[in-house]
Amino acid sequence: MARKHGPTVKEDVTANLIPMIDIMFLLLLFFMLGADMSQRELAELVLPMADTVVEEKKEKSDDDEFRTTVNVCHRSDSATFNCPVNAKNLVCRQMDHWQIVIRSEEFDLETVKEQIETLAGRDGDPDSAREPDIDPIARRKMSRRKISIRADKFAPYGHVQQLITLCGLAGIYKVEVGAAKPPIEKKV
Amino acid sequence: MAGVSVGESDENPVAINVTAMVDIIFCLCVFYMCSFKFKQLEGKFDSWLPKDKGTGGVGDTTALIQEIRVALFWDDAGQKTIRRFLSREVTSDVELQQFIHDQHADNLRLGKTDVPVIVDAEARVPWTEVITVINLAKREGIANIEFALGLPLQAK
């Protein structure tokens with residue numbers, strides 16, 4: 001009597017990883033392209049909402065070289081500092097808890113003056129942000145620098161006011177203030 | 001998963017070990033996924049400073065005052081902002097917008113098209129309150145918005 005043999009099973013079964021690698025590559029590409037490395041200029045803060053705000057243009061212009069973002073935000077909690085009011089997302093009115101951040105560098109209201117003057121540019125320096133000719137209205141050389149103020153929604157107005165004053169004194173007249181566009185509500 | 005041959009093993013007998021590559025891609029994916037943040041739509045209000053006034057002290061005091069002034073004060077006890085339009089306390093945005101609208105319409109009837117909205121806020125007022133006033137003025141089509149400033153630092 002002949003013995004029946006079952007089907008032979010091939011032992012070296014390997015998972016086909018190629019589709020997974022393909023998908024992983026696509027995911028990686030998506031996240032790499034989506035990651036905005038220019039975030040260093042922008043500090044972590046919550047902007048106030050305004051529906052009439054003008055959205056920024058994506059294309060680069062010649063003015064971008066002389067453009068600086070100034071952030072006004074609350075100091076973050078650390079081992080040596082903590083603010084229970086801010087931690088509860090309430091309005092902190094301790095003026096020294098608020099700081100000015102320019103390209104990840106922190107300043108207070110006293111130390112930022114020198115920085116603003118440096119940004120405005122010095123006379124005589126060929127690479128300076130200072131305009132080459134004397135402005136007929138201001139009767140002095142104004143700065144080509146554009147200052148973009150991004151202040152947290154709870155930031156004290158005094159800090160922004162001080163920044164505007166310092167810009168005016170340093171000859172920077174191109175000032176803009178940042179706000180967030182509210183999400184578009186879907187009509188039912 | 002020791003090694004995976006690309007294609008049929010008969011056609012390509014050399015197996016490429018992709019384990020290390022998959023590991024690295026996984027790490028990169030996790031890194032980018034964790035650091036990924038959906039960007040909020042941001043915009044700007046152009047607030048270019050006047051070249052002929054602003055930090056040099058008060059202007060012509062004999063001129064007739066033509067302005068739409070909104071005053072903002074910080075109430076420490078109530079932890080809220082008090083808004084005043086002329087002598088009236090304004091609580092809602094709708095009410096404030098209506099006041100700005102009426103005043104602006106009156107000015108337009110008189111042929112004064114460039115009367116500014118002046119935001120006169122105390123230093124401790126939250127920035128969002130100032131932006132709200134700017135936003136309401138912009139909604140009414142007023143382009144001329146000014147910030148009331150104190151005396152220059154040297155004079156204080």
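I began at A:G171, which takes a positive phi of about 90° just after helix 4 of chain A. Here helices (H or I, at least four residues) and strands (E, at least two) are DSSP runs, numbered from the N terminus.

I note that this is a predicted model, in which local features need pLDDT of at least 70 and side-chain atom pairs count only at pLDDT 80 or more, while totals for chains, interfaces and linings use all residues. Residues are numbered from 1 along each chain as its sequence is written, and chains are lettered from A and ligands numbered from 1 in the order in which they are written.

**Helix 4 of chain A.** I then checked burial and found 12 of the 14 residues buried. A residue is buried if 20 or more other C-beta atoms, placed from the backbone, lie within 10 Å of its own. Among the buried residues are A:Y157, A:L163, A:C167 and A:A170.

I traced an open sheet of 7 strands, with mixed pairing and the order 1(A)-1(B)-6(A)-5(A)-2(A)-3(A)-4(A). Strand 1 and strand 4 (105-107) of chain A stand at the edges with a single partner strand each, so one side of each has no neighbour in the sheet. Two strands pair if DSSP finds at least two bridges between them. Strand 1 of chain B runs antiparallel to strand 1 (residues 54-55) of chain A, joined by 2 bridges, and A:E55 has B:G43 as its bridge partner. Strand 1 of chain B also pairs in the antiparallel sense with strand 6 (residues 172-180) of chain A, over 5 bridges; there I located A:G178 opposite B:K44.

**The contact between the chains.** I read off 43 residues from chain B and 53 residues from chain A, contact meaning C-beta atoms, placed from the backbone, within 7 Å. On the chain B side, helix 1 (19-35), strand 1 (42-46) and helix 3 (127-139) give two or more residues. Helix 3 of chain B gives the most, with 8 residues. I sorted this side into 25 nonpolar, 9 polar and 9 charged residues; Ala, Val, Leu, Ile, Met, Phe, Trp, Tyr, Cys and Pro count as nonpolar, Asp, Glu, Lys and Arg as charged, and the others, Gly among them, as polar.

**Chain B overall.** I recorded 3 helices and 6 strands, in the pattern α-β-β-β-β-α-β-α-β along the sequence. Buried residues make up 18% of its 156 residues.

Notes
Contact = placed C-beta atoms within 7 Å.
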